[in-house]
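Please consider the structure below with attention to its charged side-chain pairs and its nonpolar cores. The explanation takes these two topics in turn.

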Amino acid sequence: MGKRSVILYLTIGIGLLFLLSQSPNHDDPHHHHNHRLSILRRHGRGHRRLKLKSNFTFTPQEHLEHYDPHRDFLHHHHRDPVAFDPVVAEMERHREDREWEQMYFDEHHKEFTEIARSAAEEAEIHRHHDPGHAPGHEQQPEWEDFMDAEEYLNDEERFNVTNRLVLLFPKIDVDPADGFVSEKELTRWNLDQAMREVLHRSQREMELHDKNHDGFVSFSEYEPPSWVKSSDNNTFGYDMGWWKEEHFNASDMNGDGLLNITEFNDFLHPADTKNPKLLKWLCKEEIRERDTDKDGKLNFNEFFHGLFDLVRNYDEEGHNSTHHSNDSTDAPAARILFNQLEKDADGFLTDTELLAIIDKLHPSEHHYAKQQADYIISQADTDKDGHLSLAEMIDNPYVFYSTIFSDEDDYDYHDELR
């Protein structure tokens, strides 16, 4: 960062400190808290509390007819927003790891879970029958350390949102460092946070599947789900190829029969890959999923009733994704797109022809990072000049931190992004 940029940020910081020093009740120890409350009430958002969240969900295999760890990328166009602040993101990742470890242990070591549950039930019965008896071990709150983390987030002295924004602003304003955060800069920041979270989850999964701990995952180590082993080619869902060797080989970019962490990350999150083999596999999966007559390609009806809505949801901001295409009103637009994709004019779409729209069928993290950036700017850009100043960010702090806020009304900041 150049000398002029440093001087610019110092000037802004000194100016902000001067304004704060001139505001009333500065000597009041609750001044900063009252200032935050005044901002909240100005926007009609009182009684807020920072609360850690988790995007992680764990579904036991027996609760699913056909367990699919890749269902996130098969169900398109949905991402929960990632935390804006790296400090908060790290806390969320730590809590998610603990939840994952606990749930995985409960799922794969039921005998110990049952023993612990029985012991807890006996202790509870004994406590009711002998209320005067002091228990030898007092049960601790679940995830106690994360309760402490939330106390940290809500302690003005230790975690001050205004100070955090002042600290983060120059880290976001880098291209160029001109005293404003643009959509491009905010998108890049959001993307960096998202990719860090994605890679963290992939590393956690890799530790689970890397049975010999050599830093690679072979296909034999990544076992198919149990229902596959007892199924045949006629079983519903058997042809869904995420668990098959074809997917593994497509992810194996260097063809050595093993997946390193980059290849394994692509294996789990193919929408963000640059690997042409894996993109081709995604296209084949789209055809396999919607090819009702099993001829290996898509006719217009299969495209119209299977993929057209996904493309339209991507292209048309605010389009109602729950509305399915209507034959009478939407078919002409679908036909135009179908003809554009159909290069050989044979009346069918092949996997190669779907490559042109695969990024719309499987939006990348960049798409969601930009979507989140656009929403943040629309809410915090007070003067509507298309970018954010530090003053605008400080004046609208809960736009940046509201993914982890809770209040009495269960306000959900990102309804527009869901």
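**Salt bridges and nonpolar cores**

Arg-288 counts as partly exposed, because its relative accessibility is 26%; buried means under 20% relative accessible area, exposed over 50%, and partly exposed in between, with a 1.4 Å probe and protein chains only. The model is predicted, so local features need pLDDT of at least 70 and side-chain atom pairs count only at pLDDT 80 or more, while totals for chains, interfaces and linings use all residues. Residues are numbered from 1 along each chain as its sequence is written, and side-chain values use heavy atoms, with hydrogens and water left out.

Arg-288 forms a salt bridge with Glu-246, with the closest N and O atoms 3.3 Å apart; the term denotes a side-chain nitrogen of Lys or Arg within 4 Å of a carboxyl oxygen of Asp or Glu. This pair links distant parts of the chain, since Arg-288 lies in helix α12 (residues 276-290) and Glu-246 in helix α10 (residues 245-251), 42 residues apart. Helices here are DSSP runs (H or I, at least four residues), numbered from the N terminus. Glu-246 is likewise partly exposed, at a relative accessible area of 34%.

The whole structure contains 18 salt bridges. One of them joins Lys-370 to Glu-183, with 3.3 Å between the closest N and O atoms. Lys-370 belongs to helix α18 (residues 365-380) and Glu-183 to helix α8 (residues 183-209), so the pair ties together parts that are 187 residues apart in sequence. Both partners are partly exposed: Lys-370 has 34% relative accessibility, and Glu-183 has 29%.

Lys-370 also meets Asp-374 in a salt bridge, at 3.0 Å from N to O. Here both residues lie in helix α18, four residues apart, about one turn of the helix. Elsewhere, salt bridges that share partners join Glu-96, Asp-97, Glu-197, Arg-201 and Arg-204 into one network.

The discussion now turns to nonpolar packing. The largest nonpolar core has 27 residues, and those with the most contacts inside it include Phe-84, Leu-186 and Phe-400; such a core is a set of buried Ala, Val, Leu, Ile, Met, Phe, Trp, Tyr and Cys residues joined through side-chain atoms within 4.5 Å. Elements that give two or more residues to this core include α8 and α18. The largest share, five residues, comes from α7. Leaving aside neighbours within four places in sequence, Leu-186 is in contact (heavy atoms within 4.5 Å) with residues including Phe-84, Ala-373, Ile-376 and Leu-388. Apart from this core lies another, of 24 residues, among them Cys-283, Phe-303, Leu-307 and Leu-337.
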